[in-house]
Amino acid sequence: MSTDTLRQEIPPELACPISPVVDLVFSRWTTPILWTLNQHGRQRFVELERRISTISPKVLTQRLRQLERDGLVIRTYHAEVPPRVEYEISDLGRSLAPLFATIAEWSVNLDAVERARKDYDAKLKR
């Protein structure tokens, strides 16, 4: 059996078991939403939209629905006039806090990453 055949037979999640976690947690808007809910607690849609100013209402709605489906966010509907909906991070979502803290600590390396990029780009120009 060739190496190419072996590669095709291994499901991606077995080749890299953290891939499904990375796909779930680090999709474009998941991290800012979870971070905001973790930092600021329960919020209404407009509060989230205000805090994450670069996200469109449509995308925020889609991501919140997906995060609710994934069990990372809790949506609470209050049947009053006008209706009120609040979002909060779930215990499952909160369990990601150590991961986010570790990544926040690692962010001190971003200057080194930027220097490496500049060095790499400079080598390409030669």
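1. **Hairpin.** S2 and S3 form a hairpin, with five residues between them. The model is a predicted one. The two strands run antiparallel and are joined by six bridges. Two of the pairings can be named. Thr 76 stands opposite Glu 86 in S3. Val 73 has Ile 89 as its bridge partner in S3.

2. Arg 44 has Glu 86 in S3 as its bridge partner. Glu 86 also stands opposite Thr 76.

3. **Cover on S3.** Is S3 mostly covered or mostly open? It is mostly covered, with five of its six residues buried.

4. **Helix pair.** H4 packs against H6 at an angle of about 75 degrees, and their axes are 10 Å apart. H4 is therefore roughly perpendicular to H6, as angles from 65 to 115 degrees count as such. From H4, the contact uses Thr 30, Ile 33 and Leu 34. From H6, it uses Leu 60, Arg 63, Leu 64 and Leu 67. By type, the residues of this contact divide into five nonpolar, one polar and one charged.

5. **Core.** The largest nonpolar core has 18 residues. Ile 33, Leu 34, Leu 37, Leu 48, Leu 64, Val 73 and Tyr 87 have the most contacts inside it. Helix H4 (30-40), helix H6 (57-69) and strand S3 (84-89) each supply at least two residues of this core. In soluble globular proteins, nonpolar side chains tend to be buried together.

6. **Val 73.** Which residues does Val 73 touch, leaving aside those up to four places away in sequence? They are Leu 34, Leu 37, Leu 64, Leu 67, Glu 68, Tyr 87, Glu 88 and Ser 90. Val 73 is also among the residues with the most contacts inside the largest nonpolar core. Leu 34, Leu 37, Leu 64 and Tyr 87 are in that group too. Of the residues Val 73 touches, Leu 34, Leu 64 and Leu 67 also take part in the contact of H4 with H6.

Terms used:
Residues are numbered from 1 along each chain as its sequence is written. This is a predicted model: local features need pLDDT of at least 70, side-chain atom pairs count only at pLDDT 80 or more; totals for chains, interfaces and linings use all residues. Side-chain values use heavy atoms; hydrogens and water are left out. A nonpolar core is a set of buried Ala, Val, Leu, Ile, Met, Phe, Trp, Tyr and Cys residues joined through side-chain atoms within 4.5 Å. Buried means under 20% relative accessible area, exposed over 50%, partly exposed in between (1.4 Å probe, protein chains only). Helices (H or I, at least four residues) and strands (E, at least two) are DSSP runs, numbered from the N terminus. Contact means heavy atoms within 4.5 Å. Two strands pair if DSSP finds at least two bridges between them. Axes are lines fitted to C-alpha atoms, for helices over the stretch in contact, and angles run from 0 to 180 degrees between N-to-C directions. Angles under 35 degrees count as roughly parallel, over 145 as roughly antiparallel, 65 to 115 as roughly perpendicular and the rest as oblique. Ala, Val, Leu, Ile, Met, Phe, Trp, Tyr, Cys and Pro count as nonpolar, Asp, Glu, Lys and Arg as charged, and the others, Gly among them, as polar.
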